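Please walk me through this structure.

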Amino acid sequence: MYSLELFVIAIYCLIEDELYPQFCHQHGPPRRAGFPPALSDSECLTLEVVGHYLGYGTQKQLYEQLSDRFGAWFPGLKDRVAFTRQSANLWQVKAWLHQHIVTQLAGDRAPLQIIDTLPVPICKVARRFQRRIFRTQDVLEGPPPTKGYCAAKDEAYFGFKGGVRITDYGLIVHAPLVQAYGHDSTCRDALLAGVLPATKVVGDSAFIDLERQRELKTTYQLHLLTPLKTNMHPTPARKPFVLPKAAGRLRRLIETVYAQLVERFKVQALKVRDVWHLHNLWTTKILTHSICVLLNRRLHRSPLDLDGLVTFGSVSYTHLRAHETDSYLVCRLLLE
């Protein structure tokens, strides 16, 4: 376990000495012209990872809290607008760093993987026609925001759907943003992109499609296993694709990751105005989760024990988050 100060140092060393040089070695520096920023890319990435781990929901809050606490450690952190712009410009670097961690932990070669989706709303359904966000065509290609349905809350929303594919210990291998409209089965192929042959993939009952499951097994040697619905009976043709009841713990594993993304990383409260910043925040939160899993593995801890990764003395993480809007109180609690 780390103290908050040691956690910041560990993240910086991991990015500065291990991850970021690998990206520059393969792709070259992210910028080829102009003056270098006052805040280095490694420092910017470190601040973002730490801020999102602590649960700061907006870039403004992240900047204010971390500049108050670690302004002396990062003297280049002087302007919030420049920090936000530099962060957004590094979204492709973050995507590469996430895939590098997945490769390093052999997550892409995991023989058993689990898939699911979660809503990523951008505004209320009633405001979708009067909205001023997501109106222009962005340079990033992707689906437009649409109306979707969240079965867990039994309500409609307007935005996107986040797909998540994890290993059997919780590492996020693939996390595409897809169109919110339609059934979960419509984003099945996006979730299965890059899966190696002979891999078993576990999904919930929303992914039941006997014809497609047969095709995946015959053509790509992928075994998509799903539980039966309550009104379905196991037949000889469906039996090879039915998830055994004893494997129910695998569904609880992805529900844990789901809860961490929603509660700690606030992926359902992204205050963004365009696809560019949406991709940046989504990628940053996925990268932060993967870095925490990597650190837990290296410390021989439970990979998904994110709460216990950092200790705050006598102050619990829940107590800290309850007062995170008051920067003075947060700093006083951390210094106790």
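A search of the whole structure, which is a predicted model, finds 0 disulfides. A disulfide is a covalent bond between the sulfur atoms of two cysteines. Take cysteine 44. Cysteine 44 is in no disulfide. Its nearest cysteine sulfur belongs to cysteine 24 and is 14 Å away. A disulfide would need the two sulfur atoms within 2.5 Å. Cysteine 44 is also buried, because its relative accessible area is 0%, and buried means under 20%.

The closest cysteine sulfur is in cysteine 150. It lies 14 Å from the sulfur of cysteine 187, so the two are too far apart for a bond. Cysteine 187 has a relative accessible area of 5%, and therefore counts as buried.

Is histidine 183 buried, exposed or partly exposed? Its relative accessibility is 44%, so it counts as partly exposed. The limits here are 20% and 50%. Which residues does histidine 183 touch, leaving aside its neighbours within four places in sequence? Lys161 and Ala206 are in contact with it. Phenylalanine 207 is 24 residues from histidine 183 along the chain. Their C-alpha atoms are separated by 8.8 Å.

Now to the helix pairs. Helix H5 (residues 91-104) crosses helix H9 (residues 275-298) at roughly 30°. Their axes come within 9 Å. Angles under 35 degrees count as roughly parallel, so H5 and H9 are roughly parallel to each other. Their crossing is left-handed. On the H5 side, the contact includes Trp91, Leu97, His98 and Ile101. On the H9 side, the residues include Trp276, Ile286, Leu287 and Arg298. By class, this contact has 9 nonpolar, 7 polar and 2 charged residues.

Helix H3 (residues 59-70) and helix H4 (residues 80-89) form another pair. They pack at an angle of about 120°, and their axes are 10 Å apart. Angles of 65 to 115 degrees count as roughly perpendicular, and those over 145 as roughly antiparallel. H3 and H4 are therefore oblique to each other. H3 passes H4 in a right-handed crossing. Gln59, Lys60, Leu62 and Tyr63 are the H3 residues in this contact. They meet Arg80, Phe83, Thr84 and Ser87 of H4. The contact has 3 nonpolar, 3 polar and 2 charged residues.

How values were computed. Residues are numbered from 1 along each chain as its sequence is written. This is a predicted model: local features need pLDDT of at least 70, side-chain atom pairs count only at pLDDT 80 or more; totals for chains, interfaces and linings use all residues. Side-chain values use heavy atoms; hydrogens and water are left out. Axes are lines fitted to C-alpha atoms, for helices over the stretch in contact, and angles run from 0 to 180 degrees between N-to-C directions. Helices (H or I, at least four residues) and strands (E, at least two) are DSSP runs, numbered from the N terminus. A crossing is left-handed if the near helix is turned anticlockwise from the far one by less than a right angle, and right-handed if clockwise. Contact means heavy atoms within 4.5 Å. Ala, Val, Leu, Ile, Met, Phe, Trp, Tyr, Cys and Pro count as nonpolar, Asp, Glu, Lys and Arg as charged, and the others, Gly among them, as polar. Buried means under 20% relative accessible area, exposed over 50%, partly exposed in between (1.4 Å probe, protein chains only).
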